[in-house]
Amino acid sequence: MSTATNGPIRAGQATPSRPAPARGAEVRGRGVGAQIFNGFSHLFLAVWAIMVIYPLLWVVMSALKTDSEVIREPLSLIPRSLQWDNFARAWSAGIDSFFLNTLLVLVFSVTLTMLLGSMAAYALARYQFRGNRLIYWMFLSGLTLPVYLAAVPLFKGVYNTGFSFPLLGPNKHLTLILVYVAWSLAFTVFFMHSFFRTLPDSIAEAAMVDGASHTRTFFSVMLPMAKPGLVSIGIFNVLGQWNQWYLPTLLMQSVAGEPKHQVIAQGLIELSVNQGYKSDWSGLFAGVTMAMLPVLIVYIAFQRQVQSGLTAGVGK
């Protein structure tokens, strides 16, 4: 005979077991959703990788084609025969002087940008004084001004300055260096200001207690600690100034009778029409490849430093 289960439960009597909530279906549902999301993420990354790698590979392989292959089979990645003489023709067309001019400008412009930007960012981030925020926002306002709006006053100012100072004026490397520094300073101060604010105050205070001056504390203590940020912003400045075309075209115009003083971006434009009305497309692609390889090698070599510099502020 079955016992009633609706009555009160006595001491020692086992309670009826209740069915566990069905969580298996919920977990499986979440697992399927995560798999779908991961699938879309991997698909997006694969498409993005193709969009980035294919143009680079296309430029390099086009540099090994003939002009007829470039025109008739523009999207083909496999040349019929490797035309290595395209690189020699591009180099002899003036790429060597363009490289030297670009390196000369970048060595001084990037160095001055990093030095002045780091000093300004450190003072604005570590010291409180009247007008601190005003100066900081004035630097940030430089990021909102397109360089095209300043073309006419910039050219007129550079042209008029050339009458008073022989080393300045149009077609002078020193002018391009100073303009590059002014153009890159806003982002450098913005980036390094955020980085210096993440550094601990105790180390700077300990250096001051030991008798170090503000200058010694900055160059010997704080600046080495900001090395990841310096490497990251340095790579950005090198890439931005190496690929800059508008400012050199505005300030470094070709003058008949003078040696070539243009930078690499201007030289690549001249390569496409260096034979009059006949366009040298294969030589142009060879020049683009030679101009692309240095910055690509620099980025690959300092890839870990760039990533650590970008994530250092978040980790701290």
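Start by selecting residues 85-126, helix α3, and residues 173-196, helix α6: the two pack at an angle of about 35°, with their axes 6 Å apart. (Axes are lines fitted to C-alpha atoms, for helices over the stretch in contact, and angles run from 0 to 180 degrees between N-to-C directions.) Color the contact of α3 with α6 by class and you'll find 19 nonpolar, 9 polar and 1 charged residues. Here Ala, Val, Leu, Ile, Met, Phe, Trp, Tyr, Cys and Pro count as nonpolar, Asp, Glu, Lys and Arg as charged, and the others, Gly among them, as polar.

A quick word on what you're looking at: this is a predicted model, where local features need pLDDT of at least 70 and side-chain atom pairs count only at pLDDT 80 or more, while totals for chains, interfaces and linings use all residues. Numbering runs from 1 along each chain as its sequence is written, and side-chain values use heavy atoms, leaving out hydrogens and water.

Next, stay on α6 and click Ser 184, which is found in that helix. Is Ser 184 buried or exposed? Its relative accessibility is 5%, so Ser 184 counts as buried (under 20% relative accessible area; exposed is over 50%, partly exposed in between, with a 1.4 Å probe and protein chains only). Now show Thr 113, Asn 237 and Gln 241: Ser 184 touches these, not counting residues up to four places away in sequence. Touching means heavy atoms within 4.5 Å.

Finally, zoom out and switch to cartoon view. The protein has 13 helices and 0 strands, which are DSSP runs (H or I, at least four residues, for helices; E, at least two, for strands), numbered from the N terminus. Of its 316 residues, 34% count as buried.
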